[in-house]
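This report concerns the protein whose sequence and structure follow.

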Amino acid sequence: MVSAVKAAIGDLVLTFLWVVFSSMLGLATDVITKALDLHNVSYNGFHYADVIVITSLIFILVTIFTSIANALGGASFNPTGNASLYAAGVGDDTLFSMALRFPAQVLGSVGGVLVVMEYMPEEYRHFIAGPSLRVSLHTGALAEGVLTFVITFAVLLIMIKGPRSGTAKTLLLAISTVVLITVGASYTGPAMNPAFAFGWAYVEKWHDKWDHFYVYWICPFIGSILAAWLFRIVFPPPPPAEKQKKA
């Protein structure tokens with residue numbers, strides 16, 4: 001009980017911080033590319049300088065937040081991440097601990113968005129925007145589910161079966177994130193994180209609508225759990241120590 005409460009508090013703090021700082025990525029990318037005179041650098045219409053800068057920023061952000069998460073006892077800012085680890089048989093979460101952690105992550109997200117919207121100067125507001133449905137309902141739901149499936153499988157593969165180097169793992173995570181955000185930008189934002197999506201939906205007053213839950217909660221959870229099950233099939237966990245001894 002105590003450990004579950006501590007985990008929930010850690011999640012609240014981490015999610016709040018993640019929402020605040022990740023919301024600044026667009027603004028930071030614009031400032032850096034302009035300062036380095038890379039704003040208009042492109043190849044066949046592809047602004048690769050922006051991609052390199054934002055990938056680098058995500059790499060730095062994930063590195064910092066990994067340290068913060070460890071300091072908070074393994075905190076998380078994504079409910080589908082907790083669910084996928086549970087489904088894959090990895091980690092210490094229980095259904096009870098997740099029942100406490102998910103609302104904490106949502107609360108942290110809402111708080112983070114409110115702070116960003118309160119203190120971001122009006123002239124920079126166009127750089128911050130949460131996930132939004134830009135296609136039909138079912139297309140968006142399918143897109144968010146597939147994107148969450150892919151990022152979940154990629155995270156499990158990188159973190160559990162990937163390189164030993166923490167730096168290499170973080171770089172691969174950053175690249176995977178940028179690729180999927182680019183792919184999903186014209187569909188749902190995307191979020192690939194129900195708590196993150198809820199924070200922005202709350203501010204935009206559609207957090208209690210069926211469309212939001214269908215696209216940004218139900219389908220991502222289905223995608224993440226299916227990815228975890230597939231990972232468990234492809235990479236089955238080792239048998240318990242007792243069975244190994246008997247064998």
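A search of the whole structure, which is a predicted model, finds five salt bridges. Three of these pairs are listed below, each with the separation of its nitrogen and oxygen atoms.

| Salt bridge | N to O distance |
|---|---|
| R101 and D11 | 2.5 Å |
| K209 and D208 | 3.2 Å |
| K34 and D30 | 3.4 Å |

**Salt bridges**

In the pair formed by R101 and D11, the closest N and O atoms are 2.5 Å apart.

An α-helix has 3.6 residues a turn, so residues three or four places apart point the same way. D30 has a relative accessible area of 12% and is buried, because that value falls under the 20% limit.

K209 pairs with D208. With a relative accessibility of 42%, K209 counts as partly exposed, because this value lies between the limits of 20% and 50%. Salt bridges with shared partners also join D11, D93 and R101 into one network.

**Helix α1**

Helix α1 covers residues 2–22.

The buried residues of α1 are A4, A7, A8, G10, D11, L14, T15, W18, V19, V20 and S22. Elements that cover these buried residues include α2 (25–35), α3 (48–71), α5 and α8 (194–203). Among the buried residues of α1 is D11, the salt-bridge partner of R101.

**The nonpolar surface patch**

Which residues form the nonpolar patch on the surface? They are M1, V2, V5, I9, L12, V13, L72, F96 and L107, and together they have about 800 Å² of accessible area. Two elements, α1 and α5 (95–119), each give two or more residues to this patch. The greatest contribution comes from α1, with five residues. One of the patch members is V13, which is found in helix α1. V13 has a relative accessibility of 33% and therefore counts as partly exposed; membership of a patch requires over 30%.

**The loop between α2 and α3**

H47 is found in the loop that links α2 and α3. Its relative accessible area is 36%, so H47 is partly exposed. Leaving aside residues up to four places away in sequence, H47 touches H39, V41 and S42.

**Annotated regions**

An unreviewed UniProt entry places the feature "transmembrane region" at residues 12–32, 52–77, 98–117, 137–159, 171–193 and 213–235. For two of the annotated segments, the model gives the following picture. Residues 137–159 are 100% helix and 0% strand, with end C-alpha atoms 33 Å apart. Residues 213–235 are 96% helix and 0% strand, and their end C-alpha atoms are 31 Å apart.

Key
Residues are numbered from 1 along each chain as its sequence is written. This is a predicted model: local features need pLDDT of at least 70, side-chain atom pairs count only at pLDDT 80 or more; totals for chains, interfaces and linings use all residues. Side-chain values use heavy atoms; hydrogens and water are left out. Patches are made of residues with over 30% relative accessible area and no salt bridge: like charges are joined within 9 Å, nonpolar side chains (Val, Leu, Ile, Met, Phe, Trp, Tyr) within 5 Å. Accessible areas come from the Shrake-Rupley method with a 1.4 Å probe; for residues, only the protein chains shown count as cover. A salt bridge is a side-chain nitrogen of Lys or Arg within 4 Å of a carboxyl oxygen of Asp or Glu. Helices (H or I, at least four residues) and strands (E, at least two) are DSSP runs, numbered from the N terminus. Buried means under 20% relative accessible area, exposed over 50%, partly exposed in between (1.4 Å probe, protein chains only). UniProt positions are given in the numbering used here, feature names are shortened, and annotations may be inferred rather than shown by experiment. Contact means heavy atoms within 4.5 Å.
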